[in-house]
Amino acid sequence: MKFIIDGVRYHVEECGAGFPLVALHGFTGTGKTWEPFCKYWEAHSRIIMPDLIGHGKTDASPEVEKYSIIQAAQAIAEMLDAKGVEQADVLGYSLGGRIAVAFGVLYPQRVRKLVLESTSPGLKLEKDQKMRKEQDGKLAEMLVTEGLEAFVDYWENIPLFQSQKKLPQAIRNNIRNERLSHSPLGLSNSLLGMGTGSQPSWWNEIKNFSFETLILSGSLDLKFCAISTEMTRKIPSCRHVTISPAGHAIHVEQAEKFGTIVSRFLSNT
């Protein structure tokens with residue numbers, strides 16, 4: 001299914017029936033990230049799986065400003081409007097989690113439950129934002145000058161994804177093929193427009209979340225375990241679950257545990 005929002009054609013897949021669940025993938029992912037979880041969630045959720053701007057079958061706009069976190073959250077709201085959905089559960093992984101946080105801040109009345117996997121509300125300090133923005137700028141330049149395959153070779157070997165090297169080769173090949181399915185322009189502009197250094201810090205806003213929130217982190221991902229713990233202290237109705245053994249991409253490394261925990265959270269009314 002296609003939606004045109006602000007001149008950008010968004011590709012969206014769906015499965016299941018029940019209360020709407022918007023599932024947002026991470027950087028270099030697609031909506032297909034969540035297809036294996038249809039069997040876990042389809043009995044209680046109508047799972048809406050968009051390809052984020054610059055990813056998959058959604059347009060890779062040349063206009064960087066269209067990639068901002070706020071624009072991404074607005075696009076989700078317009079997508080729900082087009083589907084006649086007033087309120088939804090929202091799940092996001094990494095980049096998708098940062099968009100989910102932004103959506104919760106900007107459209108709190110439209111969120112019933114929030115699930116955040118290995119993500120953050122942004123960087124607190126301006127100096128850290130500036131440093132991260134510079135780093136993302138270098139990666140964006142790498143994508144354009146050296147090409148997608150060279151970037152993916154680099155990306156899959158960063159420390160954040162070291163635990164994935166223990167996965168079966170077939171799963172690793174699927175992840176790599178998904179990463180290689182994008183355009184260099186789309187990923188480059190995603191880094192420039194939606195990178196952690198480019199987005200607002202929502203640390204002061206998350207204390208106002210009135211909806212139930214589930215935060216998931218992998219036991220091997222120490223950085224995001226610490227971030228998740230701090231977020232849990234700030235969000236009023238929040239539960240933090242650490243899944244072991246798992247790194248950043250829990251939904252890949254511990255799919256059954258992830259699917260079951262999320263299912264219980266969403267179906268418990």
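Colleague: How many of the 11 residues of helix 7 are buried?

Modeller: This is a predicted model. Buried means under 20% relative accessible area. Gly186, Leu187, Ser188, Asn189, Ser190, Leu191, Gly193 and Met194 are the buried residues of helix 7. Helix 7 spans residues 184-194 and is mostly covered, the buried count being eight.

Colleague: Which helices do the buried residues of helix 7 pack against?

Modeller: Contact here means heavy atoms within 4.5 Å. The buried set includes Leu187, Leu191 and Met194. The partners of this set are helix 2, helix 3 (95-106), helix 4, helix 5 and helix 6.

Colleague: What is the volume of the largest cavity?

Modeller: The whole structure was searched for cavities of 30 Å³ or more, and one was found. Its lining is made of Tyr10, Pro50, Leu52, Ile53, Ala72, Ile76, Met79, Ile99 and Met194. The volume of the largest cavity is about 50 Å³.

Colleague: Which helix gives the most to the lining of the largest cavity?

Modeller: Ala72, Ile76 and Met79 are among the lining residues. The top contributor covers residues 69-82 and supplies three residues. That element is helix 2.

Colleague: How does the lining of the second largest pocket divide by class?

Modeller: This pocket holds about 170 Å³ of space. Its lining consists of Glu156, Asn157, Phe161, Gln164, Lys165, Gln169, Arg172, Asn173, Ile175, Arg176 and Arg179. By class that gives two nonpolar, four polar and five charged.

Colleague: What is the distance between the closest N and O atoms of Arg176 and Glu156?

Modeller: A salt bridge needs a Lys or Arg side-chain nitrogen within 4 Å of a carboxyl oxygen of Asp or Glu. Arg176 and Glu156 form such a bridge, with a closest N to O distance of 2.7 Å.

Colleague: How many residues apart are Arg176 and Glu156?

Modeller: Arg176 sits in helix 6 (residues 169-179). Glu156 is in the loop between helix 5 (148-155) and helix 6. The pair links distant parts of the chain, and the separation is 20 residues.

Colleague: Which residues are linked with Arg176 in a network of salt bridges?

Modeller: By the 4 Å rule, the count comes to 14 salt bridges. Arg176 belongs to a network of them.

Colleague: Glu63 and Lys66 meet in a salt bridge. What is the relative accessible area of Lys66?

Modeller: The N to O distance in this pair is 3.4 Å. Glu63 is partly exposed at 33%. Lys66 is buried, because its value is under 20%. The relative accessible area of Lys66 is 13%.

Colleague: Which backbone nitrogen lies 3.0 Å from a polar atom of the Ser120 side chain?

Modeller: Ser120 lies in the loop between strand 6 (111-117) and helix 4 (126-146), and is buried at 6% relative accessibility. Beyond four places in sequence, Ser120 is in contact with Arg98, Val101, Phe224, Ile227 and Met231. The backbone nitrogen at 3.0 Å is that of Gly122.

Colleague: Asp6 and Ser118 next. What is the phi of Asp6?

Modeller: Most residues other than glycine have a negative phi. Ser118 has a positive phi near 50 degrees and is buried at 1%. Asp6 lies in the loop between strand 1 (2-5) and strand 2 (8-15) and is partly exposed at 46%. The phi of Asp6 is also positive, about 55 degrees.

Colleague: Which residues does a cis peptide bond join?

Modeller: Most peptide bonds are trans. Here omega is about -10 degrees. The proline of the pair is in the loop between strand 8 (238-243) and helix 9 (250-253). The bond joins Ser244 and Pro245.

Technical notes:
Residues numbered from 1 in each chain as written. Predicted model: local features only at pLDDT ≥ 70, side-chain atom pairs only at ≥ 80, totals over all residues. Heavy atoms only, no water. 1 Å grid on protein atoms, 1.4 Å probe; cavity = no way out; pocket = protein on both sides within 12 Å on 5 of 7 lines; lining within 4 Å. Points joined across faces, edges and corners; volume = space filled by probe spheres on them. Helix = DSSP H or I, 4+ residues; strand = E, 2+ residues; numbered from the N terminus. Buried < 20%, exposed > 50% of the residue type's maximum accessible area, 1.4 Å probe, protein only. Polar contact = N/O pair within 3.5 Å; in protein donor to acceptor, adjacent residues only side chain to side chain. Nonpolar A, V, L, I, M, F, W, Y, C, P; charged D, E, K, R; others polar.
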